[in-house]
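Try each task before you read its solution.

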Amino acid sequence: MSHHIEDILSHWQTAPHDEWVLAVITKVTGSAYRKAGAMMLFHPLGRSIGLLSGGCLEADLRRHAQMSLEKQEAVLVQYDASDESDASYQLGCGGIVDIMLVPLKRENHYLNFHQLSERLYHGGQFFYQITLPHRDTALANVTASINAYDEVNFPVEDFKRAGILRTGQAVLIIPLRSRYRLAIFGGGLDAQPVVAMALSLGWQVDLIDERTSYARNYDFPGARIFKQSADMLPEHFESHLDAVIIMQHNLELDAKALSMVHKMDRSDHLSYVALLGPAHRRERVLQKAGLSKSDFNCFFSAPAGFALGGELPESVALSILAQCHGVLHGARQIPLEKVMV
């Protein structure tokens, strides 16, 4: 199951008037599984949606969520994994995690979850802001608002990650965006693990293949399927498109797709394009499309993916999506041991 904010909100919308409790990480000092701004929901019947740790804190958080409901107040909790007397010490992360739990009620306008869902539906990036109490506070005193990047009075670059702004009352500012959107040209069997992995990451997946016996609905549950050629896609198809993978195993079709993607590359959103196949095949496809590698503004990967080893479709899917994930998140391609501190 994806833990993307849209999935969390989708579960809430099934019963918005139930006594849900929002738990949000407000601050992290040192190492932790999730960072500030991570959110999850607790339902009074015991159900929880989302994740704030590797599963170690959630049982204790459920107890605090129940306490928050009983008091009808926000509850502030701190887990100190550097303190041997703290319940989280055995996690071994060594960090300090501050979490606020607050009931979603009419009095606090359900922390504007309805508006948040609508904003995510329309796509793009924005800030979600939640006021933070200095101590346990009345329910109505915790509020939330939504602001576009160009409407807030602080530098955007300061809040690429969630951060706290103090203007009298502390405010947690969480940068959010709609799901990453991936378009895959090619609905063969080797596209199945690509689609499945991308969906598990919480991405939206569009699958394009004009061939009759490809891209069948029952082979790709969860994907939006377009049974049409690349040059017949709907108007504004490229809107909020983040990544493209071309894997049709057909030179003519791949060249047509690459030509269309080159036009989409003018969009500010497109960050990653991958073409399956070895370097000599790449040159043939580019030649047919009348293009060169330097014509692309985004990250152009051909041959697609990382050299992880393995030749089965699952291995190929992993190598491409790992690279794509890194590009979309602006990650440097360095060993994990050098960034896990």
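**Exercise 1.** Which residues lie nearest the centre of the second largest pocket, and how many residues line this pocket?

Solution. Keep in mind that the model is predicted.
- Step 1: Count the lining. The second largest pocket has 17 lining residues.
- Step 2: Go to the centre. Tyr121, Arg181, Gln204, Arg224 and His240 lie nearest.
- Step 3: Sort the lining by class. There are 5 nonpolar, 7 polar and 5 charged residues.
- Step 4: Look for the elements behind the lining. Helix H3 (113-121) supplies at least two residues, and S12 also supplies at least two.
- Step 5: The pocket takes up about 390 Å³.

**Exercise 2.** Give the strand order of the open sheet of 6 strands, and state its pairing.

Solution. 
- Step 1: Recall the rule. Strands of a sheet pair through backbone hydrogen bonds, either parallel or antiparallel.
- Step 2: Read across the sheet. The order is S12-S11-S10-S13-S14-S15, and the pairing is parallel.
- Step 3: Find the edges. Strand S12 (224-226) and strand S15 (299-301) each pair on one side only.
- Step 4: Neighbouring strands are turned by 15° against each other on average, direction ignored.

**Exercise 3.** Describe how S14 pairs with S15, then find the strands that helix H7 touches.

Solution. 
- Step 1: Take strand S14 (residues 272-275). Its parallel pairing with S15 runs over 3 bridges.
- Step 2: Pick out one pair of residues. Tyrosine 272 faces phenylalanine 299 of S15.
- Step 3: Turn to helix H7 (residues 313-328). This helix packs on the sheet and touches strand S10 (181-185), strand S13 (243-246), S14 and S15.
- Step 4: Compare directions. Helix H7 makes about 160° with S14.

Technical notes
Residues are numbered from 1 along each chain as its sequence is written. This is a predicted model: local features need pLDDT of at least 70, side-chain atom pairs count only at pLDDT 80 or more; totals for chains, interfaces and linings use all residues. Side-chain values use heavy atoms; hydrogens and water are left out. Two strands pair if DSSP finds at least two bridges between them. Helices (H or I, at least four residues) and strands (E, at least two) are DSSP runs, numbered from the N terminus. Axes are lines fitted to C-alpha atoms, for helices over the stretch in contact, and angles run from 0 to 180 degrees between N-to-C directions. Contact means heavy atoms within 4.5 Å. On a 1 Å grid over the protein atoms alone, a cavity is a set of points where a 1.4 Å probe fits but cannot get out, and a pocket is an open set with protein on both sides within 12 Å along at least five of seven lines; lining residues have an atom within 4 Å of a point. Grid points are joined across faces, edges and corners, and a volume is the space filled by probe spheres set on the points. Ala, Val, Leu, Ile, Met, Phe, Trp, Tyr, Cys and Pro count as nonpolar, Asp, Glu, Lys and Arg as charged, and the others, Gly among them, as polar.
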